[in-house]
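Below are my notes, in the order I looked things up.

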Amino acid sequence: MTMYGYVSGYYKDKIIREPDFERRVNILLGSGIPIKNCFADGFSHDNKERYRLHKFLAGVAKEGDILFVPELTDLYSNARELCCLMHDIERTGIVIKSGDMDLSDNSNASNWIISSQLAQLDYAHYLHQKCLSKAIKKAKYQATVNIGGHNKRVITPQYKQAYDYLQSHTYTATQEKFHLSKSTLYRIKQQIEHQLHPTNTTQSYNLQRGDYDER
């Protein structure tokens, strides 16, 4: 069993200064833990990664080792990091002790347990909401795309009038009245009828009008 000490925070940052960091460092240095076993992660205004803590948990910590921190928040900044931390503690079998709370096996760690459970629930809810949001965005995108992958064009009132006129007139007459090309009229007809009847249809040739009808 080995005793280690850890602290994290903003230190001599050009933008953010955290006087409380020095206070926690002094608590760590006064804990009686050998200096060689103490380490820290200093944050900057755009980087709050705990590189040394991750390295310690991944390759140094052994079951039964004790990690002392002046405050529990030295170990995490949000629910996601707390969830990952709880998994690492369970995996390594280390004991966390802090000035806030003693988390040895025989201690009253109810607050820590409750906070970790709430963090996991919060992170699970976040992942669920993210999945739902992604599905909604995908559905909205698919609604704007044709089977061939091209973006659908908006059916304007003029296109709708041309489609209605086409039901009782030829393509040539509809072209002359609405000044639309035959390919555009084909596309309008297929798009509107696909919206009305989205199931697979078969095509037959209309001899009178000279176009394909979907049956």
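This is a predicted model: local features need pLDDT of at least 70, side-chain atom pairs count only at pLDDT 80 or more; totals for chains, interfaces and linings use all residues.

How many aromatic pairs does the count come to? I got six aromatic pairs.

**Entry 1**

I began with tyrosine 10 and phenylalanine 43, which form an edge-to-face aromatic pair. The ring centres are 5.6 Å apart, and the planes make 80 degrees with each other. I noted edge-to-face because the angle is over 60 degrees. Then I checked where the two partners sit in the chain. Are tyrosine 10 and phenylalanine 43 buried or exposed? Both tyrosine 10 and phenylalanine 43 came out as buried.

**Entry 1: a pair between two helices**

Next I looked up tyrosine 171 and tyrosine 186, whose aromatic pair is tilted. I read 4.8 Å centre to centre and 50 degrees between the planes. This pair also links distant parts of the chain: tyrosine 171 is in helix 6 (residues 171–178), tyrosine 186 in helix 7 (residues 182–196), and they are 15 residues apart. I compared how covered the two are. Tyrosine 171 has a relative accessible area of 2% and is buried, whereas tyrosine 186, with 29%, is partly exposed.

**Entry 2: a cluster, and a charge over a ring**

Which residues form one aromatic cluster? I wrote down Tyr4, Tyr6, Phe39 and Phe56. While on the subject of rings, I also found lysine 177 lying over the face of phenylalanine 178, at 5.8 Å from the ring centre.

**Entry 3: helix 6 and what follows**

I went back to helix 6 and listed its buried residues: Tyr171, Thr174 and Phe178. Looking down the axis of helix 6, I saw these buried residues fall within an arc of 65 degrees, so they line one face of the helix.

Most residues other than glycine have a negative phi. Histidine 179 has its positive phi although it is not a glycine. I placed histidine 179 in the loop between helix 6 and helix 7. Is histidine 179 buried or exposed? At 69% relative accessibility, histidine 179 counts as exposed, because the cut-off for that is over 50%.

In what order do the four strands of the open sheet run? I read 2-1-3-4, with parallel pairing. Strand 2 and strand 4 (95–98) stand at the edges with a single partner strand each, so one side of each has no neighbour in the sheet. On average, neighbouring strands of this sheet are turned by 25 degrees against each other, direction ignored.

I then went through the pairings of strand 1. Strand 1 and strand 2 pair in the parallel sense over six bridges, and here tyrosine 6 stands opposite phenylalanine 39 in strand 2. Strand 1 also runs parallel to strand 3 (residues 66–69), joined by three bridges. Methionine 3 has isoleucine 66 in strand 3 as its bridge partner. I found helix 2 (residues 51–59) packed on the sheet, where helix 2 touches strand 1, strand 2 and strand 3. The direction of helix 2 makes about 140 degrees with that of strand 2.

How many of the eight residues of strand 1 are buried? I found seven, and I noted strand 1 as mostly covered.

**Entry 4: a loop residue**

I looked at asparagine 37, found in the loop between helix 1 (19–29) and strand 2. Asparagine 37 counts as buried because its relative accessibility is 15%, and buried means under 20%. Setting aside neighbours within four places in sequence, I found asparagine 37 in contact with Thr2, Met3, Tyr4 and Gly5.

**Entry 5: the whole chain**

Last, I stepped back. The chain has seven helices and six strands. From the N terminus on, I read the elements as β-α-β-α-β-α-β-α-α-α-α-β-β. Of the 215 residues in the chain, 33% are buried. Among contacts in the chain with a separation of 6 or more, 59% come from residues 24 or more positions apart.

Conventions: Residues are numbered from 1 along each chain as its sequence is written. Side-chain values use heavy atoms; hydrogens and water are left out. Rings of Phe, Tyr and Trp (its six-membered ring) pair if their centres lie within 6.5 Å; planes under 30 degrees apart count as stacked, over 60 as edge-to-face and the rest as tilted. Buried means under 20% relative accessible area, exposed over 50%, partly exposed in between (1.4 Å probe, protein chains only). A charge sits over a ring if NZ of Lys or CZ of Arg is within 6 Å of the ring centre and within 35 degrees of the ring normal. Contact means heavy atoms within 4.5 Å. The arc is that of the directions from the helix axis to the C-beta atoms. Two strands pair if DSSP finds at least two bridges between them. Axes are lines fitted to C-alpha atoms, for helices over the stretch in contact, and angles run from 0 to 180 degrees between N-to-C directions.
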